[in-house]
Amino acid sequence: MATLSRQEVKLYTEFFHQVDETDGDGSGCLSLENCEKLLDKCGHRLPKDVIQAFVSPDEDGSWKLTLEEFLAAISRAVPPDSAHSKAAKLRRLFRAYDKNKDGYVSFYELKNAMRGSVTEEELREFIRDWDKDGDWRLSFEEFINMYVAPMPSDNNDDVTAASAESQPAET
């Protein structure tokens, strides 16, 4: 069985407690509905039947999930090095950059996130390369293309986009 990294355990634990406090009852156990919210917050897109397998009925017939059960289930359902896990990391990274939660990473959101690591001109060139519709913001699809498509360039060099791990840390 694949195990979660310390960083993943910490992140999932934080998300679990956030969902328990904001959407749950603060008991340290999540309902099936709140488990779905937790998985969405974690960036995972899983079929309903897989989510239901996370949660089992307890003695009183209610469906609850503890943090420990969640951590064990997520590592089985979504191995850390799987394509699904990598996609979830990209969703979380996109959401971290999308500060105003409008579904786009704007030039200014990216500029703020990358403060000090690139010049404004480098950032403008970067946006020009990846912003296919010219609105000076990246949709999720455009953002994902940075990680899976060859880097656009005038001389057609075969340079690929940097991996998610080389990007600024998630917030």
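The buried residues of helix α8 are covered by elements that include α5, α7 (120-130) and β5 (137-139), where contact means heavy atoms within 4.5 Å. Within α8 itself (residues 140-148), the buried positions are E142, F143, M146 and Y147; a residue is termed buried under 20% relative accessible area, exposed over 50% and partly exposed in between, with a 1.4 Å probe and protein chains only. Because these four residues cover an arc of only 150 degrees around the axis, they lie on the same side of α8, the arc being that of the directions from the helix axis to the C-beta atoms. The exposed residues E141 and V148 are carried by the face of α8 turned away from its buried side.

The model is predicted, and local features need pLDDT of at least 70, side-chain atom pairs count only at pLDDT 80 or more, and totals for chains, interfaces and linings use all residues. Residues are numbered from 1 along each chain as its sequence is written, and side-chain values use heavy atoms, with hydrogens and water left out.

The protein chain contains eight helices and five strands. Helices (H or I, at least four residues) and strands (E, at least two) are DSSP runs, numbered from the N terminus. Read from the N terminus on, the order of elements is α-β-α-α-β-β-α-α-β-α-α-β-α. Of the 171 residues in the protein chain, 35% are buried. Among contacts with a separation of 6 or more, 51% are accounted for by residues 24 or more positions apart.

Helix α1 (residues 6-22) packs against helix α4 (residues 67-77) at an angle of about 130 degrees, and their axes are 11 Å apart. Axes are lines fitted to C-alpha atoms, for helices over the stretch in contact, and angles run from 0 to 180 degrees between N-to-C directions. The angle makes α1 oblique to α4; angles under 35 degrees count as roughly parallel, over 145 as roughly antiparallel, 65 to 115 as roughly perpendicular and the rest as oblique. The crossing of α1 past α4 is right-handed, a crossing being left-handed if the near helix is turned anticlockwise from the far one by less than a right angle, and right-handed if clockwise. On the α1 side, V9, Y12, T13, F16 and H17 take part in the contact, and they meet L67, F70, L71 and I74 in α4. The residues of this contact comprise seven nonpolar, two polar and no charged, where Ala, Val, Leu, Ile, Met, Phe, Trp, Tyr, Cys and Pro count as nonpolar, Asp, Glu, Lys and Arg as charged, and the others, Gly among them, as polar. In α4, the residues L67, F70, L71, A73, I74 and S75 are buried. Their cover includes α1, α2 (32-41), α3 (48-54) and β3 (63-66).

A further contact of α1 involves helix α5 (residues 83-97), with an angle of about 60 degrees and axes 14 Å apart. This angle makes α1 oblique to α5. Here α1 passes α5 in a left-handed crossing. The contact brings E8, L11, Y12 and F15 of α1 to S85, K89 and R92 of α5. These residues divide into three nonpolar, one polar and three charged.

Two further positions of α1 were examined individually. V19 is located in this helix and is buried, with a relative accessible area of 2%. Not counting residues up to four places away in sequence, V19 touches G24, L30, N34, K37, L38 and K41. V19 and N34 are 15 residues apart in sequence, and their C-alpha atoms are 6.9 Å apart in space. E14 also belongs to α1, but this residue counts as partly exposed because its relative accessibility is 37%. The C-alpha atoms of E14 and C42 are separated by 10.0 Å, the two residues being 28 residues apart along the chain.

Positive phi values were found at two loop positions. K101, in the loop between α5 and β4 (104-106), has phi near 55 degrees, a positive value in a residue other than glycine. With a relative accessibility of 57%, K101 counts as exposed. W136, in the loop between α7 and β5, has phi near 65 degrees, again a positive value in a residue other than glycine. At 34% relative accessibility, W136 is partly exposed.
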